[in-house]
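The exercises below go through one protein model step by step. Try each task before reading its solution.

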Amino acid sequence: MNIFFDIESYPFVEGGLEYLWGITYFDLEGKRQFLDFWAHDREEEQKAFENFIDWVFKRWLGDSSLHIYHYGHYETSALKRLMGRHGVCEFEVDTFLRNQVFVDLYSIVRHGLIIGEPKYSLKNVEHLYRKARDSDVQTGGESIAMYQEWRDNNDGSEWTDSIILKQIRDYNIDDCNSTQELTDWLRTRQSENNIQY
């Protein structure tokens, strides 16, 4: 089992807030699933961090070939920062880092491909392997603005009863799914060119 991971963060509180942790993975029947962990304050942030690490670590213990794919360094930087901020999950995060469980696809794409795009953001790279997004939120900046709107005009406490949180969640699902699709696309290019895994 591999995991495709993306965090939504809110920078306009002291130290920032990691408020949505999204994971795409495939279940035992091969169906793509999504799991999310939410936090709207420091206490919830610690709980979301612990729950995310616990969920992943249990699966890694059962399958040491598991990798966590993400796009860019933000996710691993956030985990290190939260490990220090909350003083929890040090062993698990250090174990992941020592065993190279995290795979930064940005680094692979940036150093391995010339893509004919003005930059190497995930949204630019997507032009190679998927159609246009159809979620209402299109960029990380928009997700921050939407979350600010939710904080100012709370329309529900959960994504199931908030139009705003549902839109942000849909955007996060899109990012996680895109990371999974990029991984598959890169593996196909790898196979086509007889590059060893």
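**Exercise 1.** Is Ser64 buried or exposed?

Solution. The model is a predicted one, in which local features need pLDDT of at least 70, side-chain atom pairs count only at pLDDT 80 or more, and totals for chains, interfaces and linings use all residues. Residues are numbered from 1 along each chain as its sequence is written, and side-chain values use heavy atoms, with hydrogens and water left out.

Step 1: take the cut-offs. A residue is buried under 20% relative accessible area, exposed over 50%, and partly exposed in between, with a 1.4 Å probe and protein chains only.

Step 2: apply them. Ser64 has a relative accessible area of 61%, so Ser64 is exposed.

Step 3: Ser64 sits in the loop between helix 1 and strand 4 (68-70). Helices (H or I, at least four residues) and strands (E, at least two) are DSSP runs, numbered from the N terminus.

Step 4: look along the chain. Ser64 and Met1 are 63 residues apart in sequence, while their C-alpha atoms are 9.5 Å apart in space.

**Exercise 2.** Find which residues touch the most other members of the largest nonpolar core, and which elements supply the core.

Solution. Step 1: define the core. A nonpolar core is a set of buried Ala, Val, Leu, Ile, Met, Phe, Trp, Tyr and Cys residues joined through side-chain atoms within 4.5 Å. In soluble globular proteins, nonpolar side chains tend to be buried together.

Step 1: name the central members. The largest nonpolar core has 28 residues, and those touching the most other members are Trp21, Phe49, Phe52, Val56, Ile68 and Phe96.

Step 2: At least two residues each come from strand 1 (3-10), strand 2 (17-26), helix 1 (42-62), helix 2 (74-86) and helix 3 (90-98). Helix 1 gives the largest share, 8 residues.

Step 3: follow one member. Leaving aside residues up to four places away in sequence, Phe49 touches Trp21, Leu79, Leu82, Met83, Val88, Cys89 and Val93; contact means heavy atoms within 4.5 Å.

Step 4: check for a further core. Another core, of 14 residues, lies apart from this one, and Tyr120, Val125, Leu182 and Leu186 are among its members.

**Exercise 3.** Describe the lining of the largest pocket.

Solution. Step 1: define the pocket. On a 1 Å grid over the protein atoms alone, where a 1.4 Å probe fits, a pocket is an open set of points with protein on both sides within 12 Å along at least five of seven lines, and lining residues have an atom within 4 Å of a point. Grid points are joined across faces, edges and corners, and a volume is the space filled by probe spheres set on the points.

Step 1: The largest pocket has a volume of about 520 Å³. Its lining has 23 residues, of which Asp6, Tyr71, Lys123, Tyr171 and Asp175 lie nearest the centre.

Step 2: assign the lining. Strand 1, helix 2, helix 5 (122-125), helix 6 (140-152) and helix 7 (163-192) each give at least two residues, and the largest share, 5 residues, is from strand 1.

Step 3: sort by class. Ala, Val, Leu, Ile, Met, Phe, Trp, Tyr, Cys and Pro count as nonpolar, Asp, Glu, Lys and Arg as charged, and the others, Gly among them, as polar. The lining then divides into 8 nonpolar, 9 polar and 6 charged residues.
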